[in-house]
Structure formats: structure tokens, C-alpha cells
Amino acid sequence: MGKEEVIQKMKDALFTFDENITLEAAQEVIQTGTDIIETISAMGDAMGELGEKFQTMEVFLPEVLLASKAFKAAMKLFEPELLKSGTVQADRPKIVIGSVKGDLHTVGKDMVTTMLTVGGFDVKDLGIDLDASTFINEAEAIGAKIIAVSALMSSTIAHQKEVIEFLKAKGVRDKFKVMVGGGPCTQNWADSIGADGYSKDAVGAVAVAKKLVAN
């Protein structure tokens with residue numbers, strides 16, 4: 001089986017919404033020596049397609065959640081291989097990431113998590129529907145440099161500002177850099193709430209995060 005076929009099989013596995021099938025495909029990627037970074041990029045494309053299908057109601061939330069779970073499982077399998085190859089370093093700047101209170105979307109956040117991991121960061125995914133205090137408490141617990149706050153609905157975006165206000169109230173605003181993103185976010189919104197960084201997509205998020213830890 002050629003490289004293109006192995007990668008296509010990996011993409012197709014995500015659309016089965018079956019973690020075991022996805023892990024079997026991921027094992028095949030490793031065993032055949034197929035480029036993992038290229039595979040992850042293709043998986044990202046697949047998750048993007050899934051997100052579009054969710055928007056048009058061709059697939060539904062339970063299927064999206066199953067695909068996201070399978071995606072994460074495959075990434076856990078790939079990460080040791082990336083560490084061995086030197087693509088991902090063991091001692092990496094830490095980031096916590098999650099979706100704000102009331103926001104149950106995972107696809108975009110999972111893509112950013114993956115790209116940040118591949119980009120050289122140690123990322124802890126806190127999940128969805130998070131209070132502002134959870135972001136800060138977890139960031140303090142692991143010594144994170146960046147708090148990445150996702151909001152994919154216009155009805156939840158205001159909670160991004162709450163995270164920054166909570167940091168100020170605790171007197172630790174200067175201790176962390178805050179990145180925001182998600183469908184309704186813009187650079188103007190990020191500036192207006194005092195966020196340190198914004199990206200419209202997962203690839204751009206890596207460049208933003210690297211700039212923030214360098215400053």
C-alpha cells in the first residue's frame with residue numbers, strides 16, 4: 001500500500017466514528033513509515049470536512065464527538081513517534097486550552113491542540129464548557145505560559161473576556177499570555193478584551209503562540 005493510500009485510509013477511518021478502526025489505521029501509518037506530520041495534516045482536513053458537514057446537518061453532534069475522541073486517540077499514538085524523531089521536544093512550553101462555558105464544540109479546538117503539539121508545545125486540553133476559574137487554576141497547576149480560550153458561538157464569546165477579567169481579579173494577569181479563537185472571534189474582538197493573541201485558524205495559532213512565548 002502506497003503512502004497516499006495509507007493517509008487516505010487514516011482520513012476515512014475518522015469518518016467511521018470508530019476509535020478502534022482509527023487506531024488500526026494510525027498503527028498502519030507508523031508501521032509503514034508514512035510521514036506522520038503529513039498524516040496529521042490530512043486528518044486535520046478530514047476534521048475540517050466533518051465540521052462543515054456538522055454545520056449543514058449532514059452529521060450530528062454525537063458523531064462529531066466520536067470522531068474527535070478517535071482523533072485524540074490517534075494523536076496519543078503518534079506523539080511518542082514525534083518525540084523519538086525529534087519533531088516534538090520533551091521539554092516544551094506549556095499551554096492549557098479549552099472551550100468556554102456553554103460551548104460544547106470540539107473540532108476547532110482539537111485542531112488547534114494538534115497543531116500546537118506538532119509545533120513544539122506541551123498542550124493540556126481541558127475540554128469544553130469551562131468556567132473562567134478552571135482555565136486559571138489548571139494553568140497555575142501545570143505552570144503554563146499560555147491560556148488558549150476557544151469560543152465557537154456568538155452566544156458564548158463573551159466568556160472569553162471573563163477569563164481575562166478573572167486573571168485581573170486574581171492579580172495574575174501578567175503571569176499568563178491569553179490567546180483567543182473560534183468562529184465569531186476577530187482581531188478587533190481580541191484587542192477589545194485585552195487578549196495577547198488571536199488566530200483565525202489552527203496553523204496561524206502556532207505562529208502566534210511562538211511569538212508570545214518568545215516575548
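In which helix does Gln-187 lie? In this predicted model, Gln-187 belongs to helix H8, which spans residues 187-193. Gln-187 is partly exposed, with a relative accessible area of 39%. Between Gln-187 and Gly-120 there are 67 residues of separation in sequence and 24 Å in space, taken from C-alpha to C-alpha.

**Salt bridges**

Side chains of opposite charge can pair when their charged atoms come close. The structure contains 16 salt bridges, including the pairs tabulated here.

| Pair | N to O distance |
|---|---|
| Lys-3 and Glu-38 | 3.4 Å |
| Arg-92 and Glu-79 | 3.2 Å |
| Lys-124 and Glu-138 | 2.8 Å |

Lys-3 forms its salt bridge with Glu-38; Lys-3 lies in helix H1 (residues 3-14) and Glu-38 in helix H3 (residues 36-55), so this pair ties together parts 35 residues apart in sequence. Lys-3 is partly exposed at 36% relative accessible area, and Glu-38 is partly exposed at 35%.

The salt bridge of Arg-92 with Glu-79 joins the loop between helix H4 (61-85) and E1 to helix H4, so parts 13 residues apart in sequence are tied together. Arg-92 is buried, with a relative accessible area of 10%, whereas Glu-79 is partly exposed at 25%.

In the salt bridge of Lys-124 and Glu-138, Lys-124 comes from strand E2 (residues 122-130) and Glu-138 from helix H6 (residues 132-142), 14 residues apart. A network of salt bridges links Lys-72, Lys-109, Asp-110 and Asp-125.

**Nonpolar surface**

Leu-61, Leu-65 and Leu-104 make a nonpolar surface patch of about 220 Å². Leu-104 sits in the loop between strand E1 (94-100) and helix H5 (107-118), and Leu-104 is partly exposed, with a relative accessible area of 41%.

Note on methods:
Residues numbered from 1 in each chain as written. Predicted model: local features only at pLDDT ≥ 70, side-chain atom pairs only at ≥ 80, totals over all residues. Heavy atoms only, no water. Patch = residues over 30% accessible without salt bridge, like charges linked within 9 Å, V, L, I, M, F, W, Y side chains within 5 Å. Areas by Shrake-Rupley, 256 points an atom, 1.4 Å probe, with all protein chains shown as cover. Salt bridge = Lys/Arg side-chain N within 4 Å of Asp/Glu carboxyl O. Helix = DSSP H or I, 4+ residues; strand = E, 2+ residues; numbered from the N terminus. Buried < 20%, exposed > 50% of the residue type's maximum accessible area, 1.4 Å probe, protein only.
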